[in-house]
Every structure is written in structure tokens, then in C-alpha cells.
Amino acid sequence: MMCAPMLSNDDQVIGILSIDSQNPLGQFTQEDLDVLMSVAGQAAVAYENAKLLESYVKKQKQDSEMGIAQDIQRALLPTDLPQVEGYEFFASYDAAQAVGGDYFDIFHLPGGRICFSFGDVAGKGVPGALIMSRMHSCVQSTLKHVHEVEPAIMAINDHMCDTAVEGRFVTYILAILDPATAQISLTNAGHMSPIIRHADGSIEQFDDELVGPPIGVMEDYPYEVETRTLAPGDVVVLITDGVNEAHSPNDEIYGDPRVLEFVKSGPATAAALGKALLDDVRRHAAGREQFDDITIMTIGRTGG
């Protein structure tokens, strides 16, 4: 008997060629073994090429399916923002991967009011996107019947707790704006506090003491609601942690202080401020691969 290993490019054994003979008169020679070694080398190359082709075909299929998933997720996000006299809105969404776990929605409610739904799933990629789609469906179905912030967020939280996946919670903000009175009612479930930039350039944040646990963590939690009246020139800024945690090529993070300073000194209108903040984060990253999903939403009052 003689045997020869089939070796991969990194010299790992991926198979063995074995030949035996029952001829009592003959034995294998070194020349025979050299030939078998040569054949084993060719067989190993052919085997690895076949595995590479198989992996390529699978990758092509996965990329195609991921592209479909990306299109589906994008379809869940609003394509057109409400047009309301005296107000301006902006929203942008950039996933770190083909799909992501950030989430936003803006839609009309009865009586001319507008609902703003904004969240960040713990995790990104496909797991985050699956929770994000559940959150979108839950919010839409809840707000069709419940039009006040407090009962709405409690219903959303209870539903997500009923079907919660361990470790997959959502930091979330639900706000309702009444354009007629300029009042915005907001509740915060574990998310970073929204920033208010006033017409005079001063900034403030919503009360951190009113922040409750993330959605999907504690069932029946009594979330508190904060109501503010927006003055002409006021802009409310909401971001996910992909903004303040954006990394530069030399590993410096964008950071909360820079976010606050930019909101304070940036453009005065909601759309211009949102776009400028996104551009500034991208300049900071300077082409470095995105670490997390980046989502920005601004709500501004322009008229008297």
C-alpha cells in the first residue's frame, strides 16, 4: 500500500489518496510514490477550486437575498415627510451594514397632529433589522387606535415584552406634535435625550430624570411624558449613538460635546441643521468604515 496526502494552500490535509495491490510479485517504488504525490497535488487543487466555486455561489445568493432585505427595510421607512405650514422636518438613515437596527417613522394622526417614532435596536445587521421590523409594525398598529403618547408607548412596550428576545431591547422616543398649539409631547424609553436648539442659539435637553427603561425590558412600566411648546426658530434634534460614537481614522470618537456644540452653532433651520450634522459626522469619519447605524431626525418650527 502507498498513500499520499492532499494538501491545501496552507498545508492542511484535506484528503488522502490510497492505493494498494494484492500482487505478491511486485512492490511500489519511489517513482510510483512520486507519481501518486503529483496526482494528489492536482486533486487537492481541483478540490479547493470546487469548494471556492461553491462558496462563491452561496455568497452570490446571500448577497442577492441581503439586497432584497435591504429594499424591504428601506420600504418600511417613510419616503416623504409631512408638509406642514410653519414647520420643517428632516430625517436620514445610514445603516452600517446592508440592513440595520435603527428606526424612524413620521406620520399624520387625526386632528392634524404628527407622530414621530425614533429608536435604536440593541444590535445591528440582520438581528437588529428583524427587531426593527417588529417595532415598526407594532408602532403603526398601535397608533392607528391610540393617539396619545402615554397609553401608546405603554401598549408598544407591553407588546414587545410579550415577544421579547433576550438581550434585544430598543431604546426609543415617541413624540406627538400638535402644529396648531406648537406643543410637542415626548416620552423617552432609554434613549439619549433629544436636544432643543432655540432661535437665539442656546440649547437644552429634555429631562433625563423622566427617562424610562428601553422598550422590551420591563412590562407595565409607567412611562412619563414631557410637554414643551416650540417657539418660532426652535429645532428638536434626535440622534442614535452611531452619531456620537462615530470613529475617525485615528480612533477618535465624535463625542457628545461635539454634537452639542455643532447643534448650537449649526444652521438655524431643521433640514439644514440635520444635513450639516450628518456631513460633519462623515467628515470626522474621513472614510473610515462605519461602526454603527447613523440616524438623525430634526423637528423645527419656522413660522409664527
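Author: Helices (H or I, at least four residues) and strands (E, at least two) are DSSP runs, numbered from the N terminus. In this predicted model, Gln22 has its place in the loop between strand S2 (13-19) and helix H1 (30-76). Residues are numbered from 1 along each chain as its sequence is written. Because the model is predicted, local features need pLDDT of at least 70 and side-chain atom pairs count only at pLDDT 80 or more, while totals for chains, interfaces and linings use all residues, and side-chain values use heavy atoms, with hydrogens and water left out.

Reader: Is Gln22 buried or exposed?

Author: A residue is called buried under 20% relative accessible area, exposed over 50%, and partly exposed in between, with a 1.4 Å probe and protein chains only. Gln22, at 78% relative accessibility, counts as exposed, and its C-alpha atom is separated by 9.1 Å from that of Met1, 21 residues apart along the chain. Of the 304 residues of the protein chain, 43% count as buried.

Reader: How many salt bridges does the structure hold, and which residue forms one with Glu54?

Author: In general, side chains of opposite charge can pair when their charged atoms come close. The term salt bridge is used for a side-chain nitrogen of Lys or Arg within 4 Å of a carboxyl oxygen of Asp or Glu. The structure holds 9 of them. Glu54 forms one with Lys58, the closest N and O atoms being 3.8 Å apart; these two residues are 4 residues apart in helix H1, so about one helical turn separates them. Lys51 joins Glu54 and Lys58 in a network of salt bridges.

Reader: Where in the chain do Arg113 and Glu148 lie?

Author: The side chains of Arg113 and Glu148 meet in a salt bridge of 3.3 Å, N to O. This pair links distant parts of the chain, 35 residues apart, with Arg113 in the loop between strand S4 (102-108) and strand S5 (114-121) and Glu148 in the loop between helix H2 (125-143) and H3. Arg113 is buried at 17% relative accessibility, whereas Glu148 is partly exposed at 45%.

Reader: What is the phi of Asp251, and where does Asp251 lie?

Author: Most residues other than glycine have a negative phi. Asp251 has a phi near 75°, a positive value in a residue other than glycine, and its place is in the loop between helix H4 (241-244) and helix H5 (256-265). Ala286, which is not a glycine either, has a positive phi of about 50° and lies in the loop between helix H6 (270-285) and strand S12 (294-301).
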